[in-house]
Amino acid sequence: MGVRSMFIVFGRWGKYSFSILFFLFYLMNTRAQTAEEIVQKIKAKLEKINDYEAEGKMKTNVAFIKAPVATVKVFYKKPDKLLILNETGISFVPKGSVNININNVFVNMRAFDIIDAGHDDAGLRILKLLPKDDTADMVLSTLYIDEKNTLVKRSKTTTKENGTYELEMSYSKYLEYGLPDRIVFSFNTKDYKLPKGITLDYDDGSEKNGDKLKNKKGTVEINYKNYIINKGIDSKIFNR
Amino acid sequence: MWKLLKIELFKIFKRPRTYIAFGAIAAIVFLFQIALWFDGKTYIELILSNIDTSFDFSEQFKGRLLNGYFVCFAVLNILLIQMPLLVALIAGDAIAGEANMGTLRLSLTKPIGRTQYMLGKFFASSIYTVLLLLFLAVLALFGSMLLFGTNDLVIFRSTSIHQMSQDDIFWRYLAAFGYAAAALTTVASLAFLLSVFADNSIGPIIATMSIVIVFTILSEMNIPLYDRTIKPYLFTTHMVAWKGFFYVRSDEEGATIKGSIENLPAILKSLSVLLIYIFLFVSSAIWIFRRKDILS
């Protein structure tokens with residue numbers, strides 16, 4: 001096609017030509033991000049955090065436990081150290097609570113195969129992480145990601161030893177660091193039963209619904225008040 | 001009446017055997033505290049072994065769990081089963097001891113009615129019971145608080161775990177000791193009743209111990225037939241209701257409601273049963289004694 005012919009074509013389609021070019025340009029720049037790109041973006045965001053200390057209120061909701069709402073401090077240090085500490089009282093901390101920190105997943109992404117599983121009903125991108133190492137405790141981890149804000153909103157991790165953990169996170173003040181203001185951590189609990197010969201219980205008629213307490217999911221909810229980020233934390237604190 | 005009560009209390013605290021009970025309580029509490037001081041973590045691990053697959057228990061957690069309030073609860077759990085036997089030592093001796101020494105007829109020659117005399121004896125036995133309980137409270141509660149410090153209290157029931165924050169515990173112990181006083185007074189009134197029938201204090205003491213042991217075993221058995229027919233009427237079933245002050249209510253999300261008691265009506269019902277037993281035992285003792293031919 002010569003220059004003249006091109007001019008004729010553009011001349012004929014003149015009124016649409018800029019719209020088409022703009023549309024093509026838009027498509028090129030808004031193509032769906034690949035799973036790897038999303039992971040890298042989140043990782044870059046989380047890598048800004050070397051350590052943090054957060055204060056919050058922890059609520060334990062397990063069928064067979066009645067516990068008061070506790071004031072806790074959560075300490076994190078790169079790459080995977082995490083401690084939930086009740087400074088004055090007693091708190092039942094579930095196994096696998098290290099997973100309340102999503103940074104743990106992104107520390108060594110090379111250890112996983114990432115599968116893009118599309119979007120859920122809420123428009124969150126679903127990525128499935130499969131460990132390359134057959135001996136790893138984790139079997140599968142599913143991340144639900146808010147692509148726009150580059151945030152992990154929800155995760156579900158299945159392990160060989162300790163069942164399935166689920167984590168839901170709400171963000172507000174510490175969005176730029178990818179740190180949640182509220183987390184709800186769900187975990188499997190096993191039956192709890194002690195012989196009455198040991199406990200010598202008083203039968204006040206309140207323990208008749210024992211079967212309802214079996215094999216339920218427990219949750220731990222932490223509402224964070226504030227974070228102190230990258231101010232340095234002594235590793236000794238994690239040895240408690 | 002007050003003078004009579006003072007005389008009876010003087011008699012009780014003049015006897016060396018009165019102090020056996022105080023010595024026994026001190027020995028048991030100290031032995032228990034020493035055992036938990038040196039090997040308490042093993043005891044804690046045994047209790048936690050049921051849920052250690054679901055939760056992480058740090059050394060700090062175990063150390064805090066083994067606090068004075070927890071130790072006191074463990075001591076009371078064991079000792080309040082044995083204490084009725086110590087109470088029976090004095091209450092069982094109230095009338096039978098006088099008969100044995102041949103002083104009963106002499107005492108009744110004084111210008112006091114038999115009812116007044118019996119009430120004086122009963123109140124003196126009850127005061128001894130309360131003093132014994134206070135002694136236990138000082139050693140088990142304050143002693144344990146001093147040795148092990150204070151923290152939240154966690155109670156392990158058969159199918160549930162109840163945790164109370166440390167500022168929500170002390171009043172529960174006051175209520176529990178108050179209730180335990182009523183429970184032990186029930187045993188004292190039983191021993192007092194049996195004491196009327198004997199001329200030797202060993203009989204009512206052993207009879208009271210036997211009744212308490214048999215009833216306690218029946219109360220702790222989990223057989224549906226007994227649950228419905230016998231257990232609700234045994235005073236030993238209701239004697240453990242002091243623990244009800246440590247059973248808490250929770251909100252919909254499982255959080256402990258501060259200052260709550262899971263089933264206060266059940267505790268009050270148990271308390272009523274004990275008070276009825278005390279009234280029945282004491283009034284029966286007085287009724288029988290008023291008609292009794294005093295020969296010694």
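## Exercises on a two-chain model

Helix H4 (residues 68-91) of chain B bends by about 40 degrees at B:Leu80, with a proline, B:Pro84, following within four residues. The model is predicted. The exercises below start from this helix and work outward to the contact between the chains.

**Exercise 1. Decide how H4(B) sits in its chain: mostly covered or mostly open?**

Solution. 
- Step 1. Take the helix, residues 68-91 of chain B.
- Step 2. Apply the cut-off: a residue is buried if 20 or more other C-beta atoms lie within 10 Å of its own.
- Step 3. Count. 17 of the 24 residues of H4(B) are buried.
- H4(B) is mostly covered.

**Exercise 2. Characterise the fold of chain B, and explain why chain B counts as compact as a globular protein of its length.**

Solution. 
- Step 1. List the elements. Chain B holds 12 helices and 3 strands.
- Step 2. Along the principal axes, the C-alpha atoms of chain B fill roughly 70 × 40 × 30 Å.
- Step 3. Check burial. In chain B, 44% of the 296 residues count as buried.
- Step 4. Check contact range. Take the contacts in chain B between residues at least 6 apart in sequence; 77% of them join residues at least 24 apart.

**Exercise 3. Describe chain A by its elements, burial and contacts.**

Solution. 
- Step 1. Chain A has 5 helices and 12 strands.
- Step 2. Of its 240 residues, 30% are buried.
- Step 3. Among contacts in chain A with a separation of 6 or more, 52% are between residues 24 or more positions apart.

**Exercise 4. Work out the strand order of the open sheet of 3 strands.**

Solution. 
- Step 1. Start inside chain B. E2(B) and E3(B) pair in the antiparallel sense over 4 bridges. They form a hairpin with 4 residues between them.
- Step 2. B:Leu153 has B:Met164 in E3(B) as its bridge partner.
- Step 3. Cross to chain A. Strand E2 (residues 65-66) of chain A runs parallel to E3(B), joined by 2 bridges. Here A:Ile65 stands opposite B:Ile161.
- Step 4. Assemble. The order is E2(A)-E3(B)-E2(B), with mixed pairing. The edge strands are E2 of chain A and E2 of chain B, and each pairs on one side only.
- Step 5. Inspect the faces of E3(B). B:Ile161 and B:Gln163 are buried on one side, B:His162 and B:Met164 on the other. Both faces are covered.

**Exercise 5. Which elements give two or more residues to the side of chain B that touches chain A?**

Solution. 
- Step 1. Count the contact. 42 residues of chain B meet 35 residues of chain A.
- Step 2. Name the elements of chain B: strand E1 (55-56), helix H3 (59-65), strand E2 (153-156) and strand E3 (161-164).
- Step 3. Find the largest share. H3(B) supplies it, with 4 residues.
- Step 4. Sort by class. This side of chain B has 13 nonpolar, 20 polar and 9 charged residues.

Note on methods. Residues numbered from 1 in each chain as written. Chains lettered and ligands numbered in written order. Predicted model: local features only at pLDDT ≥ 70, side-chain atom pairs only at ≥ 80, totals over all residues. Contact = placed C-beta atoms within 7 Å. Nonpolar A, V, L, I, M, F, W, Y, C, P; charged D, E, K, R; others polar. Pairing = 2+ DSSP bridges. Bend = angle between axes of the 7 residues up to and from the residue. Buried ≥ 20, exposed ≤ 12 C-beta atoms within 10 Å, placed from the backbone. Rg over C-alpha atoms; globule rule 2.2 N^0.38 Å.
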